Amino acid sequence: MPKILHFTDMHMRRSISGHSGFSERLSRKIPSLLNKLGEVIKIEKPDLIAVSGDLLDVPHDLLHRTSPAQLYAQTFDEALEDYTFLRVWLENLGVPFLVVPGNHDLAEPFERVFGGCPNTHQIRNWQAHAFPDWDGADSIAERQGDVLRRFEDVVQSKDNSGWAIHVQHYLIRPKVDFWHPMMYRNADYLFEKVQNSLQPKLLLSGHFHVGTDVERVGTNHFSVCPAIAEYPHPYRFYELLEDGTCTFEEHHLADGADKIHLLCIDRSDILTGESLDEKGEFVPVGQFNEIMEKATQAGFFPIMLSTWNHPQAVGFGWTEFRKRHDRLFATLGANVAPGGGQVLYIDPELPDSPSLPNAPIATFTPDLPQKIAAWFGSEIGSIAFITSAPHRKKIFSASGVRSICVNSSLEALEAIDLLSNDLKPKPGRN
Ligand SMILES: [Fe+2]
């Protein structure tokens, strides 16, 4: 009985500096998670490994080629290095694998590293196919060209003796309605083709980070695995049975032993100045790198709480806002490793502050520490907070978070010493 391991949406940043635009994607943690997954694979010995896209978390402005040429060239090289790391990791497992790109992958370096890998495996009487699709300018993906022709050939096959597995990034089914497009533009056409074909099939997708259950329609099984980049770092095993049914189990790489220690730090006044520079960029304080490095060395995972309430910045919109954070974190380079650091976008607190449409922003309410603990796989007792605002300290303290209010970046450095003594995180656990 074929046994398939499926994981997706790593959003890895190993050589790529900076952090993901979404706080819950623990991009810098992926290499250590892959070590753990490698151990699982050695024990479970799957027949196939399916990786359904978003291997890397390439910054948005690089994906859309709007950043300066020099920065693009540098990230291109970093992406090449990260893809090579992943290919070597996969090859060393000694298990056939299929990999497709996602909308956060950079096409050229991806093709250079994975372009030569087989996109079909015939194993005993079953076949597995990778369908690498890319999204268009409107962020909606469409299967087209050679990939579409190959898909049509595959589903028209007269051979119905065993299972067929399809690996793809976007969704054909189940239908998912989300603020960002999840489905193929031609999902209905692809679905119809799949339904009209003879073999029982398992169609593996990623992209929708919360995932879905396996949906069975006739002899076809559609599975959207949740993102491994997010706590508790899920992956799935499927067993394909002779009678055309399939069983699946979801497991997690996180276990109770690796609860991380989080250090939340206000951006404004502590990590960056209050004003933006003439180009509209954040201006990091002189101690920005030192604070982030010190937090990391003390065993904390640093989270920058960033509010969006600067009148000058409102015209940028949400995407530009994230790009500015990407660029700010890119200056941290590999020094904040392996734990990385993240931004948590916080709603403006002032009633007349401008707000962003459709932005996945957290609100500074008493339940925020509990939410942060859930997103990052921590617990209240393992969260610390450095703020410049007494009322914020009050909110976090009331929830049981060890909080310190400081007046300067220098005081923030001293606060890290105090907090690391109080909470005793173990350096290197992140
Ligand atoms: Fe993703």
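## Overall composition

Buried residues account for 45% of the 430 residues in the protein chain. The model is a predicted one. The protein chain contains 11 helices and 16 strands. Among its contacts with a separation of 6 or more, 71% are between residues 24 or more positions apart.

## The six-stranded sheet

Six strands make up an open sheet with mixed pairing, in the order E4-E5-E6-E7-E9-E8. Strand E4 (120-123) and strand E8 (215-217) are at the edges; each has a single partner strand, so one side of each has no neighbour in the sheet. From one strand to the next, the twist averages 15 degrees.

At the E4 end of the order, the pairing can be followed strand by strand. E4 and E5 run antiparallel and are joined by four bridges. Within this pair, Thr120 has His129 in E5 as its bridge partner. The two strands E4 and E5 form a hairpin with two residues between them. Arg124, in the turn, has a positive phi of about 50 degrees. On to the next pair: strand E5 (residues 126-130) runs parallel to strand E6 (residues 164-167), and four bridges join them. One of the bridge partners here is Val167 in E6, which pairs with Ala130.

Gly53 lies in the loop between strand E2 (48-52) and helix H2 (60-63).

Which residues are in contact with Gly53, leaving aside its neighbours within four places in sequence? They are Thr8, Asp9, Val100, Pro101, Gly102, Asp105, His169, Gly206 and His207. For Thr8, which is 45 residues from Gly53 along the chain, the separation of the C-alpha atoms is 5.9 Å.

## Helix H9

Helix H9 (residues 368-376) has the buried residues Leu368, Pro369, Ile372, Ala373, Trp375 and Phe376. Around the axis they cover an arc of only 165 degrees, so they are on the same side of H9. An α-helix has 3.6 residues a turn, so residues three or four places apart point the same way.

The cover over the buried residues of H9 includes strand E12 (261-266), strand E13 (300-307), strand E14 (342-346), strand E15 (383-387) and helix H10 (390-398). Just after H9 comes Gly377, with a positive phi of about 70 degrees.

## Helix H10

The buried residues in H10 include Arg392, Ile395 and Phe396. Viewed down the axis of H10, the buried residues fall within an arc of 90 degrees, and therefore line one face of the helix. The face turned away from this buried side carries Pro390, His391 and Ala398, which are exposed.

What do the buried residues of H10 pack against? Their partners are H9, E15 and strand E16 (402-405). H10 in turn is part of what covers the buried residues of H9, as is E15. Just after H10, Gly400 takes a positive phi of about 95 degrees.

How values were computed:
Residues numbered from 1 in each chain as written. Predicted model: local features only at pLDDT ≥ 70, side-chain atom pairs only at ≥ 80, totals over all residues. Pairing = 2+ DSSP bridges. Axes fitted to C-alpha atoms, helices over the stretch in contact; angles between N-to-C directions. Buried ≥ 20, exposed ≤ 12 C-beta atoms within 10 Å, placed from the backbone. Contact = placed C-beta atoms within 7 Å. Arc of directions from axis to C-beta.
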